[in-house]
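Please read them with the sequence and the coordinates open beside you.

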Amino acid sequence: MSHPNETPQSSRLIHEDRRRGRGARSNATGRFENQTREEFDDGWEGLQSLDGFTTRLHTDTARTIITTNDSPDISFDQSINPYRGCEHGCIYCYARPSHCYLGHSAGLDFETELYVKPEAARLLERELAKPGYRVKTIALGTNTDPYQPVERRLAITRRILEVLAATDHPVAIVTKSALVTRDIDILAPMAAKGLAKVALSVTTLDRKLARAMEPRAATPPKRLEAIRQLSAAGIPTFAMVAPIIPALTDHEIEAILKAVHDAGALAAGYVLLRMPLEIKDLFRQWLETEFPDRARRVIALMQSMHGGRDYTSTFHMRQRGTGPYAEQIAKRFRLALKRIGMDTPNLPLRTDLFRRPTPQGGQFPLL
């Protein structure tokens, strides 16, 4: 039933040789499937002979590209996600459960079965051209990273930015990839008009921890260098210390804030680790393999901030938690920002410069 090198307690885990370079330790069947699949050794062929998990791309044939929301604890009204699934493989990623809607696992499938939207720029231009479209900042990177490794080859995010730049439409980007600096040539002129800002997610300064927790994301030094380059180009740059994980990364709050401030970040925010749905099991598996000595402590502190549960979905509470430990983190964060002079308010972007595009095959507006 298990790999020769696995203990019975870890029989649900994928052997490390097959998941090398990935974040999740398992690949459980998605919660919407009516059949459960589990690999086991039947005595004829060992599990060690199975191929490793490689990245596969699927075309997402979405008919629209802008997603809207009215959540009271989210700072944006509309967003674009060029990709579904993310090869960065961050074990804590709150987007993992969404992969189950596609018939996949929130585990290794999320990191390897990627859906790309090659028509994103064309769809965006069509939606911006609609007479009823109302201009609001479009956020990129709200579910999965718009600059994950496959973007280097496909450049879907870059083409989206080209449409937004041509129409003078405001954009806010969140990423943990240094690849964002590739598009400084587009973002800098937009920023000069008050139309662009970028936030880099910095979870830890510990390279070893980052490699285990975010296996295919940019290293912490590369993210800090990206902040430097963006800031030097005149692009308003911010930092997200996200997620903060109690007993694992929370001791780094002050050090991270100083590092991003020294690199040029104007302000910073944070989000606590969230463990909804499949993430609660995936994160536990990761903790027990990477930090078995701290696993119970981390989970106990997380539950203390969610009324004894793994997760509370209540607005505002879901990202910041409640209780003494959550209040301590909030206070430390505020004091650190004040001490280093990073308590700059969030920067609003302009919406009054927008020029509606002429749809393909359409007519130019009358003068």
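1. The accessible surface of the protein chain comes to about 17,900 Å², and 51% of this belongs to carbon and sulfur atoms; such areas come from the Shrake-Rupley method with a 1.4 Å probe, and for residues only the protein chains shown count as cover. This is a predicted model, in which local features need pLDDT of at least 70 and side-chain atom pairs count only at pLDDT 80 or more, whereas totals for chains, interfaces and linings use all residues. Residues are numbered from 1 along each chain as its sequence is written, and side-chain values use heavy atoms, with hydrogens and water left out.

2. Of the 367 residues of the protein chain, 53% count as buried, that is, under 20% relative accessible area (1.4 Å probe, protein chains only). Among contacts (heavy atoms within 4.5 Å) in the protein chain with a separation of 6 or more, 79% are between residues 24 or more positions apart.

3. The protein chain has 12 helices and 10 strands, which are DSSP runs numbered from the N terminus (helices H or I, at least four residues; strands E, at least two).

4. Strand 9, residues 237-244, is mostly covered, with seven of its eight residues buried. Strand 9 pairs in the parallel sense with strand 8 (residues 196-201) over four bridges, where pairing requires that DSSP find at least two bridges between the strands; in this pairing, Leu200 has Ala239 of strand 9 as its bridge partner.

5. Strand 9 also pairs in the parallel sense with strand 10 (residues 268-272), over four bridges, and Ile244 stands opposite Leu272 in strand 10. From strand 9 the chain crosses through helix 8 (residues 253-263) to strand 10 in a right-handed β-α-β crossover, meaning that, with the strands pointing away from the viewer, the path from the first strand over the helix to the second runs clockwise.

How values were computed: Buried means under 20% relative accessible area, exposed over 50%, partly exposed in between (1.4 Å probe, protein chains only).
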